[in-house]
Amino acid sequence: MRTVIIGAGAAGISAAVELAKRKPWEEVLVLASDPFPYPRCMLHHYLKGERGAKELSFIQEEYGNGSL
């Protein structure tokens, strides 16, 4: 079975991680228009140059590289 989640914000990513934990045999697909998942509340750090894209990511490496 495949679950499709639309949106890679905090809620979408949290749902994907929880589904992966509870049903590791099922495919979870996250669709988003952003090039990588990031917390919107931390975006000002990226815009000010204080953090790069990789430092904003809240995706654990075991769940993928963050590319969408």
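Visitor: How many residues apart are Glu 18 and Arg 22 in helix α1?

Guide: They are four residues apart, which means about one helical turn lies between them. This is a predicted model, in which local features need pLDDT of at least 70 and side-chain atom pairs count only at pLDDT 80 or more, while totals for chains, interfaces and linings use all residues. Residues are numbered from 1 along each chain as its sequence is written, and side-chain values use heavy atoms, with hydrogens and water left out.

Visitor: Which elements does the chain have, and in what order do they run?

Guide: There are three helices and two strands, and from the N terminus they follow the order β-α-β-α-α. Helices (H or I, at least four residues) and strands (E, at least two) are DSSP runs, numbered from the N terminus.

Visitor: Back to Glu 18 and Arg 22: what do they form together?

Guide: Side chains of opposite charge can pair when their charged atoms come close. Glu 18 and Arg 22 form a salt bridge, with their closest N and O atoms 2.7 Å apart. The term asks for a side-chain nitrogen of Lys or Arg within 4 Å of a carboxyl oxygen of Asp or Glu. By this rule the count is three salt bridges.

Visitor: Which residue pairs with Arg 2 in a salt bridge?

Guide: Glu 27 does, at 3.1 Å between the closest N and O atoms. Arg 2 belongs to strand β1 and Glu 27 to strand β2, so this pair ties together parts that are 25 residues apart in sequence. Another salt bridge joins Glu 50 to Lys 48, where the closest N and O atoms are 3.3 Å apart.

Visitor: Is Arg 2 buried or exposed?

Guide: Arg 2 is exposed, because its relative accessible area is 52%. The cut-offs are under 20% for buried and over 50% for exposed, with partly exposed in between (1.4 Å probe, protein chains only). In the chain, 24% of the 68 residues are buried.

Visitor: Which residues make up the largest nonpolar core?

Guide: In soluble globular proteins, nonpolar side chains tend to be buried together. Here the largest core has six residues: Ile 5, Ala 8, Ile 13, Ala 16, Val 17 and Val 30. Helix α1 (residues 10-22) gives the largest share of this core, three residues. A core is a set of buried Ala, Val, Leu, Ile, Met, Phe, Trp, Tyr and Cys residues joined through side-chain atoms within 4.5 Å.

Visitor: Which residues make a nonpolar surface patch?

Guide: Val 4, Ile 6 and Leu 31 make one of about 310 Å². Ile 6 sits in strand β1 (residues 2-6) and counts as exposed because its relative accessibility is 74%. Patch residues have over 30% relative accessible area and no salt bridge; like charges are joined within 9 Å, nonpolar side chains (Val, Leu, Ile, Met, Phe, Trp, Tyr) within 5 Å. Areas come from the Shrake-Rupley method with a 1.4 Å probe, and for residues only the protein chains shown count as cover.

Visitor: Where does Glu 26 lie, and what is it in contact with?

Guide: Glu 26 lies in the loop between α1 and β2 (27-31). Beyond its neighbours within four places in sequence, Glu 26 is in contact (heavy atoms within 4.5 Å) with Met 1 and Thr 3. Glu 26 is buried without a salt bridge, and the nearest side chain of opposite charge, Lys 23, is 4.1 Å away. For charge, Lys and Arg count as positive and Asp and Glu as negative, while His and the chain ends are not counted.
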